[in-house]
Every structure is written in C-alpha cells, then in structure tokens.
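The following paragraphs lead the reader through one protein chain, from its overall make-up to a few selected places. Please keep the sequence and the structure in view while reading.

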Amino acid sequence: MIQALFEYEFIRYSFISGVIAGLIAPLVGTFIVIRRLSLIADALSHVTLGGIAFGVYLSSIFTFTVNPLITGILFSIMGALGIERLRSVYKHYQELAIPIIMSLGIAVGIVFLSLADGFNQDLFGYLFGSISAVSINDLLLIASIGVIVILFIFFLYKELFMVSFDEEYANVMNINKWIYVAFIIVVALVISASMRIVGILLVSALMTLPVASAMRITSSFKQLMIVSVIFGEIAVIIGLFLSFHLNISPGGTIVLVSILILLGTIFLNRLGVSRNGSRTQEV
C-alpha cells in the first residue's frame, strides 16, 4: 500500500481522509461517551443515510449530479438540531429524542431509496466505506470539517469539559446554551466526514470504540482523549492497509481492528495492569 500511495491519487485521498477521521472521531467521541450520549452517533448516522438517499434521488431526477455528501451533511445537521430541540421538550425523558430522530432518519432513507430505484454501487460505498470512493472534493470537505472540529474543541475545551461532566453545574455557571447546539452540530459534521471511509452503518463505532478502549488504561480526561486518538489512528491505518491488500470493505476492517484493540485493553486489565500503567499490587 505504501507504493500505491505514491502511484494512485485516490489511495492518497482515502488515506489522508482516514487519518483525519481517525483524529476527529475519537476526539469528539470522548465528550459523547462521557456525557453518556453514545447512541446519538447512531441516530445521526441514520439521518445521514436519509440525506445520502435524498442526494441520490435528486441526481436520478435531474440532469445534474448532486453530491450526496453535501445532502448527508445537511440532513445530519438538521437531525442534530432536532435531537437538541426534543431533549428540551422531553426534559425528564431526554433519551427519547434519540430513537425519534433515528426512526425518522431510517424512514426518510427508505422512502428516498425506493424513489431512486434502490441501491447502486456508490451508495454501497457510503454505507460500508470505500477506498476508491474519495475524490479530491470529498477530501477538501473532510479536511475543512477536521479543521473546524479541532478549532472548536481547542477554543471551547473548558466549556465542553464542564458540560460533559456536570451539566447542572454548567447551567449554574451560565454556560451559554449555544454550546450544546454547536457541539451537536460538530458531532453531525464528524459523522459526515467519517462516513466515506468507515461507512454510515459503522461510523459510530469509530467514535466510541477507541474511547472505550482508552478508558481501560487511562486515569485522566486528557489522557483519555490522547489515547483514544492514538487507538483511532491505529485502527484506521491498519484497517485501510488490510482492506487494500485483502480487497475487503475498509469500514468493517477498521471496526474489527478497533474491537481487537478493545479486547487487548480488557486483557491487560485482567492481567492486573492498572489505569496508571503499572501492575496492581496483590493484597
């Protein structure tokens, strides 16, 4: 694959996109897991599927081609805003917002898929990821999203930290309500940026599995973020390498590597390795 990186542009585009996804997905996923909102990623990925199907449908009825990635991003953002709105409506049952939006996304996707005469090869690439599907325009869009996400977390780290660990305390400290909305939109952007490589159906795994693995061996939030990103990058790079040489879906391969990393960290705990990196003493 190393030689192919220098010979083929689409391989370079996919590799760079994968590295960006491996960075921003676990980075945002850390805040999602801490807030116990892991299923939001699943809900928004299904909404994104509806947007992708809508883009495919528009391309089938018009003479010009609509980039499904753009419609996917728009639907994902609308779904994110819908979740945040419903969470404020159902104040005592905020988790209801997630299945409501997820159901809406699946229904919209099925309807537009039927109108667009079903699946095609490009749509399968969005669902399960594809090495050859990333174009230069997709790469530029993914890179732009990556910059937005990194800047957002860098400048609002303190506010996001407070909101993630104690939402009530954050409200007492008058943390601006737009932080919640902005964060959920950033989650939607990360899902849209990662789906080209991992696939819509598996993108939530890239946001949560590296974090789940890192939680087994870290003892602070910053350590959790750093190790999560490292695990995410390892999973993406190894997954892309194996999928290229074995000619299989990159999304499934990346997730399987993430699962192996998770099993490895659990095994280390069973051996007695504590979260501070040393072996626990026998009592």
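Helices (H or I, at least four residues) and strands (E, at least two) are DSSP runs, numbered from the N terminus. On that basis the chain has 13 helices and 0 strands, and from the N terminus its elements run α-α-α-α-α-α-α-α-α-α-α-α-α. The model is predicted: local features need pLDDT of at least 70, side-chain atom pairs count only at pLDDT 80 or more, and totals for chains, interfaces and linings use all residues. Residues are numbered from 1 along each chain as its sequence is written, and side-chain values use heavy atoms, with hydrogens and water left out.

Of the 283 residues in the chain, 52% are buried; buried means under 20% relative accessible area, exposed over 50%, and partly exposed in between (1.4 Å probe, protein chains only). The accessible surface of the chain, by the Shrake-Rupley method with a 1.4 Å probe, comes to about 14,000 Å², and 68% of this belongs to carbon and sulfur atoms.

Helix H3 covers residues 39-61. Its 23 residues reach 34 Å from the first C-alpha to the last, close to the 33 Å expected, where the expected span is 1.5 Å times one less than the number of residues. Because 17 of its 23 residues are buried, H3 is largely enclosed by the rest of the structure. Arg 36 belongs to the loop between helix H2 (9-34) and H3. Arg 36 counts as exposed because its relative accessibility is 77%.

The phi of Arg 36, however, is near 60°, a positive value in a residue other than glycine. Asn 247 also has a positive phi, near 55°. Asn 247 lies in the loop between H12 and H13 and is exposed, with a relative accessible area of 70%.

Helix H12 (residues 221-246) holds Phe 241, which is partly exposed because its relative accessibility is 41%. Phe 241 contributes to a nonpolar surface patch of about 680 Å², whose members include Ile 226, Ile 230, Leu 242 and Ile 248.

Ser 249 caps the N-terminal end of H13, with a side-chain oxygen 3.4 Å from the backbone nitrogen of Gly 251. Among the buried residues of H13 are Pro 250, Gly 251, Ile 254 and Leu 262.

Terms used. Patch = residues over 30% accessible without salt bridge, like charges linked within 9 Å, V, L, I, M, F, W, Y side chains within 5 Å. Salt bridge = Lys/Arg side-chain N within 4 Å of Asp/Glu carboxyl O. Polar contact = N/O pair within 3.5 Å; in protein donor to acceptor, adjacent residues only side chain to side chain.
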